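Q: I am new to this structure and would like to learn how to read its features. Please take them one at a time.

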Amino acid sequence: MRLVSFLFLVILVISCDGPEPRKPIQTKSGSFFKASIERSRKLLEAEENKIQEIIKLDSLKHYSHSNSGSWYHYLNVNEESDYTPKSDDLVAFSYDILTLDNDTIYSKEEIGVVTYKVDKQELFLGLRDAVKMLKENERATFLFPSSIAFGYHGDENKIGSNVPIKSTITILQIEKQQDNTVN
């Protein structure tokens, strides 16, 4: 009887070793990410080339490059003000969205006047940055690569995947918030 109990105890201890982890069947080398980065680089390069062609053909206008990656030129400049929107300001503005070939995707009438609380509401990246660059009563045309426009997903309506866009933005009014008026 003791022998049976001892064998039972030994079997019980041996079987309580715990589960053995499975080894991966296939290891990842990162090649998918490398290929994705390369595709994105080539896409941005092609879009930048298209934008540079547009700028070259539009030689009467002076285009500037923004920190966020867009290109723009002013249509109306407000020389009387030096205030650009800051975080929490309320900005009323209008804009349109066109393809780089000037086909209208959304007209400014379709979009209407937008009231935007700076840095507190969702806009596509390029538009968020563009609004912060313009003063009240200024109007500028921006050329946005798809990476700072609607990106891979588009807008799930009229703008497809990886579409660079052109937009003319007009700042109608800036309502400063109290924190921004303190000197």
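Q: How do the residues of the lining of the largest pocket divide into nonpolar, polar and charged?

A: Rolling a probe the size of a water molecule over the atoms shows where empty space is left. Here the lining of the largest pocket has three nonpolar, six polar and two charged residues. (Ala, Val, Leu, Ile, Met, Phe, Trp, Tyr, Cys and Pro count as nonpolar, Asp, Glu, Lys and Arg as charged, and the others, Gly among them, as polar.) Among the lining residues are Ser36, Arg39, Leu43, Glu47, Tyr152 and Asn162. A pocket is an open set of points on a 1 Å grid over the protein atoms alone, where a 1.4 Å probe fits, with protein on both sides within 12 Å along at least five of seven lines; lining residues have an atom within 4 Å of a point.

Q: What kind of model is this?

A: This is a predicted model, in which local features need pLDDT of at least 70, side-chain atom pairs count only at pLDDT 80 or more, and totals for chains, interfaces and linings use all residues. Residues are numbered from 1 along each chain as its sequence is written, and side-chain values use heavy atoms, with hydrogens and water left out.

Q: Why do the buried residues of helix H4 line one face of the helix?

A: An α-helix has 3.6 residues a turn, so residues three or four places apart point the same way. In H4 (residues 125-133), the buried residues are Gly126, Leu127, Ala130 and Val131. Seen down the axis of H4, they fall within an arc of 130°, so they line one face; the arc is that of the directions from the helix axis to the C-beta atoms. Buried means under 20% relative accessible area, with a 1.4 Å probe and protein chains only. Helices (H or I, at least four residues) and strands (E, at least two) are DSSP runs, numbered from the N terminus.

Q: Which elements do the buried residues of H4 pack against?

A: They pack against E3, E6, strand E7 (139-144) and E8. Contact means heavy atoms within 4.5 Å.

Q: Why is strand E3 largely enclosed?

A: Five of the six residues of E3 (residues 90-95) are buried, so the rest of the structure largely encloses this strand.

Q: Which strands does E3 pair with?

A: Two strands pair if DSSP finds at least two bridges between them. E3 pairs in the antiparallel sense with E6 (residues 114-117) over four bridges, where Tyr116 is the bridge partner of Val91. Six bridges join E3 to E8 (residues 165-175), also antiparallel, and there Ser94 has Thr170 as its bridge partner.

Key
Buried means under 20% relative accessible area, exposed over 50%, partly exposed in between (1.4 Å probe, protein chains only).
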